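Hi,

Here is the model I said I'd pass along.

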Amino acid sequence: MAAENVKSFFIAIDPERHRDQLIFPRQFTARYPDLLGSCVILRDLGGRLWHIEVIRSEDRIILTTGWSDFFSHHSLTFGYMVIFEYRGASTFLTSILDHSACEIQMGDPGGSSSTSQPLPSFQITMSAPRFCHRCIFVPGTFASTNLPRFVNVVQIHDAAGRVWQIGVDSRANGVVRRFARGWAEFYTTKNIRPGDTCVFSLINGDVPAFNVFKVAVGGGEQTML
């Protein structure tokens with residue numbers, strides 16, 4: 001699938017709001033108002049297909065009948081994140097991150113077991129002049145192992161549901177060298193400062209997309225930006 005055709009977003013789960021229905025982000029709905037019909041199909045990583053009824057209310061798209069079954073089957077709880085990647089024909093590939101930002105994979109199509117596998121990630125402590133507001137250098141081992149070569153853009157999916165397009169500079173062999181164009185705006189908007197440590201977790205490898213977490217002083221707790 002070409003990068004320009006991929007439409008994705010994620011939602012941080014709050015059971016009180018999301019147990020019985022789920023509202024797609026307004027940014028997604030506004031950008032693709034005619035994308036979906038009266039039903040969507042969610043495909044989980046176990047290969048199971050979930051048929052979910054869609055209703056429309058003003059400018060909102062709401063998943064209703066069938067969503068609560070998906071919610072219960074995957075044991076969604078507060079702070080989990082569900083990532084939706086549109087694959088055409090009203091179908092979304094879904095993946096779920098738990099509290100440690102690890103991806104939960106269902107053991108089989110019936111969901112009899114699940115395991116958490118760490119997502120590929122790298123960590124950077126921002127320090128002038130090399131790591132500053134203008135760009136960050138991606139560790140070569142991470143880039144060569146986890147990112148496609150000669151890619152021009154990666155995405156950052158933030159905690160508010162916004163998708164940031166970040167331009168990439170690569171080495172002669174196509175391995176990503178640094179995140180550049182667009183990074184300055186993200187850095188400033190998210191109030192990142194020299195000395196801050198950030199973790200970049202890869203949530204999608206085909207069209208590279210990241211969540212970025214700021215590590216609390218002293219280590220341990222991470223806050224998604």
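Below is what I found in it, from the overall picture down to single residues.

First, the ground rules. This is a predicted model, so local features need pLDDT of at least 70 and side-chain atom pairs count only at pLDDT 80 or more, while totals for chains, interfaces and linings use all residues. Residues are numbered from 1 along each chain as its sequence is written, and side-chain values use heavy atoms, with hydrogens and water left out.

**Confidence**

The mean pLDDT (the predictor's confidence in each residue, from 0 to 100) is 82 for the chain, and 86% of its residues reach 70 or more. The stretch to watch is 107-117, where pLDDT stays under 50. The model has 23 contacts beyond four places in sequence for those residues, a contact being heavy atoms within 4.5 Å. Where pLDDT is low, the predicted coordinates should not be read in detail.

**Overall**

The chain has 5 helices and 17 strands. These are DSSP runs numbered from the N terminus: H or I and at least four residues for helices, E and at least two for strands. Of the 225 residues, 48% count as buried; buried means under 20% relative accessible area, exposed over 50%, and partly exposed in between, with a 1.4 Å probe and protein chains only. The chain exposes about 11100 Å², with carbon and sulfur atoms supplying 48% of that (Shrake-Rupley method, 1.4 Å probe; for residues, only the protein chains shown count as cover). Among contacts with a separation of 6 or more, 52% are between residues 24 or more positions apart.

**Strands around β5**

Strands count as paired if DSSP finds at least two bridges between them. β5 (residues 60-63) runs antiparallel to β2 (residues 22-23), joined by 2 bridges, and I23 stands opposite I62 in β5.

N191 is not a glycine, but its phi is positive, near 60 degrees; N191 counts as partly exposed because its relative accessibility is 42%. As for D196, a polar atom of its side chain lies 2.7 Å from the backbone nitrogen of R193. The side chains of D196 and K214 make a polar contact of 3.4 Å (N or O atoms within 3.5 Å; within protein, one must be able to donate a hydrogen and the other to accept it, and residues adjacent in sequence count only if both atoms are side-chain atoms). Beyond four places in sequence, D196 is in contact with I124, T125, M126, N191 and K214.

**Other bits**

S75, in the loop between α3 (67-73) and β6 (81-86), is another non-glycine with a positive phi, about 50 degrees. E103 sits in strand β8 (residues 103-106) and counts as buried because its relative accessible area is 16%. E103 and I203 are 100 residues apart in sequence, yet 8.4 Å apart C-alpha to C-alpha.

Finally, there are 0 disulfides (a pair of cysteine sulfur atoms within 2.5 Å). C198 is buried, at 0% relative accessible area, whereas C39 is partly exposed at 32%.

Cheers
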